[in-house]
Amino acid sequence: MRAAVVSARTSHRLLPAVLQSFQISITSNRNRIIFRNIMSETDPTSFSAPRLVIKKVLAKHQREGDGAVVRRCIGRTELKSLDPFLMMDDFSVSPPAGFPDHPHRGFETVTYMLQGSITHQDFAGHKGTIHTGDVQWMTAGRGIIHSEMPAGEGVHKGLQLWINLSSQDKMIEPRYQELLSEDIPSAEQDGAEVRVIAGESMGVRSPVYTRTPTMYLDFSLRARAQVHQHIPESWNAFAYIVEGEGVFGYQNKTPISANHVVVFGPGDGVSVWNKSSKPLRFVLVAGQPLNEPVVQYGPFVMNTQAEIDQTIEDYHYSKNGFEMAKHWKSH
């Protein structure tokens with residue numbers, strides 16, 4: 001069956017027909033729905049235009065920040081960007097390494113913790129720690145200077161995604177959206193579990209507001225499980241395999257292993273099969289392209305070189321969004 005079968009917006013007159021096909025139970029977690037499919041097994045790939053894999057890139061290790069190691073998924077020679085996505089890192093950091101004070105302007109960062117904890121603080125006085133399973137969705141807008149450092153001993157791992165902002169949103173005031181792990185909506189269907197960081201899947205929707213329309217789903221598939229997720233046809237989409245190996249697009253394709261980025265072509269949905277005996281975990285990310293010029297200078301992303309030059313001047317002289325930088329340093 002296709003994912004996202006039951007929506008909160010489903011018409012009341014259609015609900016009886018939908019519910020005849022499913023037994024639905026809600027666990028003690030108010031954000032979790034478990035679907036049990038009792039229909040006969042049929043070909044679930046009922047997309048009018050299934051998305052196929054058009055590119056596969058291995059995310060290789062590189063140094064970032066102060067002694068940190070990342071696997072750069074997007075933002076490397078083989079895959080410079082995928083509108084509206086500018087970069088994605090699979091990071092691993094242990095004290096004293098980390099990401100000390102650094103600026104951003106013109107986009108959003110989404111940090112999703114897979115293991116351990118990261119403490120964040122910025123020049124506006126915002127400070128907090130995100131733990132395993134938590135998400136911080138930061139809109140840098142006109143300017144932020146912050147630090148991201150491991151909280152405690154051991155290895156701390158996560159994913160950080162950079163999402164571009166449209167020209168009209170690049171200079172908005174910074175803001176944060178933070179979700180604790182237990183507050184991220186989740187659902188399960190026939191051995192496929194999803195955590196909905198942004199967007200909607202299996203009838204549950206994330207509360208996160210995405211200025212650049214975005215879907216961010218964390219899927220875990222048990223052995224022999226499969227999932228079929230609708231994606232708006234005009235959006236770009238990719239998957240990053242965190243653990244295991246999966247078959248993406250069509251059943252007869254060769255499995256793709258962990259630490260690969262899979263870029264999908266056009267279509268209205270993605271199908272994934274776990275044909276192995278081990279669990280598969282991957283994130284599926286999709287977004288509406290901005291179709292605007294991108295001029296990037298490190299952590300600054302604007303539309304023209306003149307805007308980049310102005311940003312560098314603003315940062316250097318602590319003005320136009322960077323006023324608080326003059327006397328600030330993280331602790």
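**Backbone features and their labels**

Reply: Pro84 is found in the loop between strand E5 (68-74) and strand E6 (85-93), where strands are DSSP runs of at least two residues (E) and helices are runs of at least four (H or I), numbered from the N terminus. This is a predicted model, in which local features need pLDDT of at least 70, side-chain atom pairs count only at pLDDT 80 or more, and totals for chains, interfaces and linings use all residues. Residues are numbered from 1 along each chain as its sequence is written, and side-chain values use heavy atoms, with hydrogens and water left out.

Me: What is the omega of the peptide bond from Asp83 to Pro84?

Reply: Omega is near 10° there, and the bond from Asp83 to Pro84 is cis. Another cis peptide bond joins Pro95 and Pro96, with omega about 5°, and Pro96 is found in the loop between E6 and strand E7 (99-104). Most peptide bonds are trans.

Me: Why is Met202 called buried?

Reply: Buried means under 20% relative accessible area, exposed over 50%, and partly exposed in between, with a 1.4 Å probe and protein chains only. Met202 has 1% relative accessibility, so Met202 counts as buried. Met202 is found in the loop between strand E17 (200-201) and strand E18 (204-205), and has a positive phi of about 50° although it is not a glycine.

Me: What makes Ser318 count as buried?

Reply: Ser318 counts as buried because its relative accessibility is 13%. Ser318 lies in the segment after helix H2 (305-317), and its phi is near 55°, a positive value in a residue other than glycine.
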